Amino acid sequence: MYPLMLKLEGQPCLVVGGGTIAERKIASLLEHGGRVLVITPEASDKIHRWAENGEVRLLQRTYREGDAVGHFLVVAATNVPDVNASVARDCQQRNILINAVDNQELSNFFVPASVRRGDLTIAISTGGASPAVAKRIRREIEGVFGEEYADFLKIMAELREQVLRDVPDPARRKAIFDRLADAGLLALLKAGDHQTVKERIAQCLSLSSD
Ligand SMILES: C[C@@]1(CC(=O)O)C2=NC(=C\c3[nH]c(c(CCC(=O)O)c3CC(=O)O)Cc3[nH]c(c(CC(=O)O)c3CCC(=O)O)/C=C3\N/C(=C\2)[C@@H](CCC(=O)O)[C@]3(C)CC(=O)O)/[C@H]1CCC(=O)O
Ligand SMILES: NC(=O)c1ccc[n+]([C@@H]2O[C@H](COP(=O)([O-])OP(=O)(O)OC[C@H]3O[C@@H](n4cnc5c(N)ncnc54)[C@H](O)[C@@H]3O)[C@@H](O)[C@H]2O)c1
């Protein structure tokens, strides 16, 4: 499996089915900016609420061949294996990204368990071997990578922009980035010591002109 990060913002996504699993998949598509159409004869209360609030479009009927056309990504999440399989085949023929929740063979992507800390995303996949183990590993990782990573990466992104702009020599830039990454900023942020963070950053930047 080839790991990648997908930009979903504004992309048309189709979810077929309206039960518990469809609901979970819709929630994560919405969280990542997908424009979601749901096709299902029966939908959960939450999906109805999303439709009433205009967060998803809901077509209350069964899937018909060709419904997948024009979508960037499709999730087949009904409880009828044959329906999920025919949605998947529709997508395979048209090179549409397809996740059939009960059929690894006919899926061309899986959804990993993930940990988000601002700009940091850690995705965990067992390649479909055991979603329960992926979930367990996610919980372990959540304990190791705390919320301080969000602030840390915000600072690093700003500094990166500044250094790319102000330091023309690539070797010197790399030296600064390495120093910043090793400057112990994370522990300081975790301890709330913002003053020392500022001092350390200034040191790293000034060393650049050595
Ligand atoms: C990570 C996560 C993301 C998400 O879906 O949001 C995810 N499954 C999660 C939970 C979970 N799923 C299942 C259980 C019950 C325990 C168990 O079976 O292990 C639990 C645990 C629970 O619910 O506690 C049952 C299950 N899952 C699949 C099948 C069908 C099959 O394997 O063919 C069946 C059997 C259905 C049945 O019994 O009939 C298939 C897939 N599930 C995947 C992802 C993909 C592979 C991920 C990987 O590479 O590891 C893949 C292949 C396709 C896909 O859905 O993308 C999310 C955890 C989020 C989190 O908590 O962090
Ligand atoms: N990938 C995963 O993580 C995972 C986890 C657990 C279960 N599953 C699988 O997901 C499947 C769905 O589980 P669930 O709990 O959401 O089921 P569910 O019974 O709650 O929901 C099924 C939905 O499919 C809809 N549906 C049925 N026929 C349809 C059709 N022809 N067109 C459109 N929609 C149709 C129903 O109206 C209903 O809304 C299960 O059968 C199981 O195999 C996957």
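Before anything else I noted the burial terms: buried means under 20% relative accessible area, exposed means over 50%, and partly exposed is in between (1.4 Å probe, protein chains only). This is a predicted model, where local features need pLDDT of at least 70, side-chain atom pairs count only at pLDDT 80 or more, and totals for chains, interfaces and linings use all residues. Residues are numbered from 1 along each chain as its sequence is written, and side-chain values use heavy atoms, with hydrogens and water left out.

I looked up Asn95 and found a positive phi of about 55°, although Asn95 is not a glycine. Most residues other than glycine have a negative phi. Asn95 is in the loop between α3 (81-93) and β5. Helices (H or I, at least four residues) and strands (E, at least two) are DSSP runs, numbered from the N terminus. Is Asn95 buried or exposed? Asn95 counts as exposed because its relative accessibility is 72%.

**Entry: Leu73**

Leu73 has its place in strand β4. At 4% relative accessibility, Leu73 counts as buried. I also checked Leu73 against Asn99: they are 26 residues apart in sequence and 8.2 Å apart in space, C-alpha to C-alpha.

**Entry: domains**

I wrote down how the chain is divided: domain 1 (12-111), domain 2 (112-146) and domain 3 (148-207). These bounds come from an automatic or database domain assignment. The centres of domain 1 and domain 3, taken over C-alpha atoms, are separated by 42 Å.

**Entry: the largest pocket**

My rule for a pocket, on a 1 Å grid over the protein atoms alone: an open set of points where a 1.4 Å probe fits, with protein on both sides within 12 Å along at least five of seven lines; lining residues have an atom within 4 Å of a point. Grid points are joined across faces, edges and corners, and a volume is the space filled by probe spheres set on the points.

How much space lies in the largest pocket? I got about 1,900 Å³. The lining has 48 residues, and those closest to the pocket's centre are Lys25, Phe110, Val111, Pro112 and Ala113. Which element gives the most to this lining? It's α1, with seven residues. Domain 1 and domain 2 each supply at least three lining residues.

By class, I have 24 nonpolar, 14 polar and ten charged residues in the lining. Ala, Val, Leu, Ile, Met, Phe, Trp, Tyr, Cys and Pro count as nonpolar, Asp, Glu, Lys and Arg as charged, and the others, Gly among them, as polar.

**Entry: rings**

Rings of Phe, Tyr and Trp (its six-membered ring) pair if their centres lie within 6.5 Å; planes under 30 degrees apart count as stacked, over 60 as edge-to-face and the rest as tilted. I counted two aromatic pairs by this rule. Phe145 and Tyr149 make a tilted pair, 5.0 Å centre to centre with 55° between the planes. Tyr149 and Phe152 make an edge-to-face pair, 6.3 Å centre to centre with 85° between the planes. Tyr149 and Phe152 both lie in helix α5 (residues 148-166), three residues apart, about one turn of the helix. Phe145, Tyr149 and Phe152 form one aromatic cluster. Phe145 counts as partly exposed because its relative accessibility is 25%, while Tyr149 is buried at 18% and Phe152 is buried at 11%.

Notes
Chains lettered and ligands numbered in written order.
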